[in-house]
Amino acid sequence: MFFNEMKELMTPGVDINMSIRSLDDGRMLIAVLPKMDGLKDEAKNLLAPLTLTGTPDELDAGFIEVVGRPVQKSAGLLTNMKAFEEQMKKTEADSRQNKQQKGTAGASKPAPKPQSPFEKMMQQVTEFENAGKFNDALTALNNFKKSATPEQVANIDGRKAKILKRQGEAASLFGQPAAAAQPADTAAPAPRPFVPGNPFATAPQTQPNTNPSTN
């Protein structure tokens, strides 16, 4: 009967330590303290044992009734402490795992390399070219070419050729095609006939006399 009643008071994972002492006056002193192994929380040490003093008959009649509620309350506190510690352990494990994943992700993605002045200039040239500002693009290339390395100069010249080609194509789309050049006429214009009284007429040229004069 006693152990059946004690079984109803107990919580899985919680031990009940009970100390019994016989006193000189025939009474008995009983100390009851719930305990849970593995708890790290120092608050477990604040639980004080429940002590009862009485004759054997008194204890038989009212022991379970007296200790039942305090034992269950103490066992509930210990169970909550255990659940809290397990939750904290899980949270710490998740936090470490997240940090490791972030560290691995950060290691797999190196920081982007800063652009060199040449790369910045070429990017600006691309922006000018895309915006149709071909003269600005060519000016930027020419300005940088003054201090460029031989390899960069080759790249600049190639880029300039492409821009000039695009500029010419754009001009042919929106402008008028130039007229074909006519060959220059190298023959001297024929003199206009002399008209007396016309100041703008060409005077007749005097032909030299090639015949010897006769006297």
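A pocket is an open set of points, on a 1 Å grid over the protein atoms alone, with protein on both sides within 12 Å along at least five of seven lines, and its lining residues have an atom within 4 Å of a point. This is a predicted model, in which local features need pLDDT of at least 70, side-chain atom pairs count only at pLDDT 80 or more, and totals for linings use all residues. Residues are numbered from 1 along each chain as its sequence is written.

The largest pocket has a volume of about 240 Å³, a volume being the space filled by probe spheres set on the points. Its lining counts 14 residues, and Phe-2, Ile-30, Leu-59, Asp-60 and Phe-63 lie nearest the centre. Helix 2 (56-108) is among the elements that supply at least two residues each; with eight residues, helix 2 gives the most to this lining. Helices (H or I, at least four residues) and strands (E, at least two) are DSSP runs. By type, the lining has ten nonpolar, one polar and three charged residues.

The second largest pocket holds about 180 Å³ of space. Residues lining this pocket include Gly-38, Lys-40, Phe-84 and Glu-92. Here the division is two nonpolar, one polar and six charged, where Asp, Glu, Lys and Arg count as charged and Gly is among the polar residues.

Phe-3 is placed in helix 1. Phe-3 counts as exposed because its relative accessibility is 66%, and exposed means over 50% relative accessible area with a 1.4 Å probe, protein chains only.

How values were computed: Side-chain values use heavy atoms; hydrogens and water are left out. Buried means under 20% relative accessible area, exposed over 50%, partly exposed in between (1.4 Å probe, protein chains only). On a 1 Å grid over the protein atoms alone, a cavity is a set of points where a 1.4 Å probe fits but cannot get out, and a pocket is an open set with protein on both sides within 12 Å along at least five of seven lines; lining residues have an atom within 4 Å of a point.
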